[in-house]
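Subject: Structure for your review

Dear colleague,

Please find the structure below, handed over for your study. My notes on it follow directly after.

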Amino acid sequence: MKYLFLCISLFLSLSSSAKRHKKERGLPRTEAGLINNMLGCLSNKDTLNYFNLFVPFDTLWQYVIHNPDKSPEANAQLKNLKEHPRALIDFDPAYNGSIIRRFAEVLKKGEDSGIHWKEIVLQRYELYKETITSRSLQGYDLIAPERFMGYVFVRDLLGRTTFCISVSEIQKVDGFFFGGQLLNILEASGIDQFHEKEASEQKYFQWLEENMKKEEAHADSLKNGLIDSTAADTAAMAKSKILVADDPNDEDSLKKRREIIDRRYYEGKFDEEIPVKLYVRYMKDLRTNKITSYDGLYKFGDQVEYAKLNISRDKDGIWTMDDDPPVGTMELELKLKVYTGSWTNNENQTGYDVVLTQKDIPSIKLQQFDKMLESGKLGSVAGETAAPKPPAEPVIEGMENTPEPDQAKKEEKAEKKVPKKKKVVADDE
C-alpha cells in the first residue's frame, strides 16, 4: 500500500511538472503564435529553438498508449498507430534529420535570393487543413485533431521585397501548437505566383539533373580517351536556362532568342597597377544549339559605374572586347582561366597590358550584373567603391607643367604600346 501511494504521488508530481514545463516554455496556443516563433528562429538563425518547436516522439507515444478515448473505434485506430510507430517518429527532428536540414536549406536559399533575415516581418499567412492520406497515420487525428499546411508571407523591410515560405505539419496537440516543417522559399507576393515560380524551378532542376548525367557520362568518356578533349568546352558551360531576346519589338525576335549558358567573372590589373573587374556571359542559339554570342561589363581604375562591352571571339581564339560607346578595345587570349593581352585607346592608340584571373562571384552580384545587361541601365554594384585617389601634390611655381619622373616614364611607355595579336592554338576555357 505504501508503494502504491508513492507511485501515485510520483505520477501527480510528474504531471504537475509537465504542466509547469509547458507554461515555462511558453508553448503557443494558437497557430499565429507558432508562426511567430518559427519566424523568430529564421530571423535569428536559431536551430536549437526551431528544434524545440516540435513535439517529441515519446510524448506522442504516451498519447497513443494512454489515450482517454476508450471507444471501440478509437481503440482500433490507436492499434494502427501502435503498429506503425515510424509514422510518429517522422514528426520528431531528433529522429527525422530532414526537418533541420530543410530549415538550413531555406535559410541558405533565402540569403542567396537576397533576403535580409534580420529585417523580416510577418505580412500574412494562409493555412489549409492537412488531411490524413497515409494508411499508417490512420487514427492520428485522435492525437492531433488540427493539422495545417500552407504559406507564410514575410516582408523584407530592408530589401523591400515579399517572400513566400511554404510550410507543413502545423499540429495542435493537447491544446498547444507544434511543428512547422519548412519546405521552400521564393520571392512571391501571392500563392499563384509562388506555384508558377516553383514549377519553373522544378523544370530547371530536372533539366540540370539530366545535363549532369550527360556531363558525367561525357567525363567518363573523356577520361577513358573515347572522345577528344576539345569537345568538353561546350558541355562544361551548361549552367542556366535564362532566355533573352535581342529586341522584343522585332518580328523575328523568336528566331533570335538566345540561352545564357555560362557566366564568368574576372579580376586583375592594367599594367600591374590599375584594378580591373570583368563580367562575361556566354549564349547559344536555340536553333543551332551552338555558342554564337557573348556580352559583358567591365570597369577599371577609379570608375564607379560599369561599362558595356561588345564581345566576339575569332576562330584563332582571340577575344575582342570593344567599349560601348567605343572608347577602347581589349584583345585577349584566354588560357587556364586567365585572360592576357592589351587594352588600347581607340583615339590615340596608347594602351595597357592586361592580366585578368577568373574568380567566384556571389549570386547577388551576378543578379545585379544581369539586370544591368538586360535593362541597359548601367551603374555600380552594391558593396563596391571606387579606388581611392591619391592626395594632390602641392604645385610649385614654375613647375606646373613638369611631370614627375615616374609619370613621364609611364606616359612614354604608354605611347609606345600598340595592340599585339597572338596566335592561339587552343583555348583552355
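This is a predicted model: local features need pLDDT of at least 70, side-chain atom pairs count only at pLDDT 80 or more; totals for chains, interfaces and linings use all residues.

Residues are numbered from 1 along each chain as its sequence is written, and side-chain values use heavy atoms, with hydrogens and water left out.

**The whole protein**

The protein has eleven helices and 13 strands. Helices (H or I, at least four residues) and strands (E, at least two) are DSSP runs, numbered from the N terminus. Of the 429 residues in the protein, 36% are buried. Buried means under 20% relative accessible area, exposed means over 50%, and partly exposed lies in between, with a 1.4 Å probe and protein chains only. Among the contacts with a separation of 6 or more, 54% are between residues 24 or more positions apart; contact means heavy atoms within 4.5 Å.

**Helices H4 and H5**

Two packed helices are described by the angle between their axes and the distance between the axes. For helix H4 (residues 57-65) and helix H5 (residues 72-83), the angle is about 145° and the axes are 9 Å apart. Here, axes are lines fitted to C-alpha atoms, for helices over the stretch in contact, and angles run from 0 to 180 degrees between N-to-C directions. The crossing of H4 and H5 is left-handed, a term used if the near helix is turned anticlockwise from the far one by less than a right angle.

Which residues meet where H4 and H5 are in contact? From H4 come Trp61, Val64 and Ile65, and from H5 come Leu78, Leu81 and Lys82. By class, this contact has five nonpolar, no polar and one charged residues. Ala, Val, Leu, Ile, Met, Phe, Trp, Tyr, Cys and Pro count as nonpolar, Asp, Glu, Lys and Arg as charged, and the others, Gly among them, as polar.

The buried residues of H4 are Phe57, Leu60 and Val64. They lie on the same side of H4, because they cover an arc of only 65° around the axis. The arc is that of the directions from the helix axis to the C-beta atoms. The cover over these buried residues includes H5, helix H6 (86-89) and strand E3 (161-173).

In H5, the end C-alpha atoms are 17 Å apart, which agrees with the 16 Å that its twelve residues should span at 1.5 Å a residue. The expected span of a helix is 1.5 Å times one less than its number of residues. Ala74, Leu78, Asn80 and Leu81 are buried in H5. Their arc around the axis is only 145°, so they are on the same side of H5. These buried residues pack against H4 and H6, whereas Pro72, Lys79 and Glu83 are exposed on the other side of H5.

**Helix H10**

Helix H10 (residues 363-375) has 13 residues and reaches 18 Å from its first C-alpha to its last, close to the 18 Å expected. Its buried residues are Lys365, Phe369, Asp370, Met372 and Leu373. Seen down the axis of H10, they fall within an arc of 160°, so they line one face of the helix. After H10 comes Gly376, with a positive phi near 80°.

**Backbone points to inspect**

Most residues other than glycine have a negative phi, and most peptide bonds are trans. The peptide bond from Asp324 to Pro325 is cis, with omega near 5°. Pro325 is in the loop between strand E10 (318-324) and strand E11 (328-335).

Arg160 has a positive phi, near 55°, and is placed in the loop between strand E2 (146-156) and E3. Arg160 counts as exposed because its relative accessibility is 69%. Leu336 also has a positive phi, near 50°, and is found in the loop between E11 and strand E12 (338-345).

**A buried tyrosine**

Not counting residues up to four places away in sequence, Tyr50 touches several residues, including Met38, Phe103 and Leu182. The C-alpha atoms of Tyr50 and Gly179 are separated by 8.8 Å, although the two are 129 residues apart along the chain.

Yours sincerely
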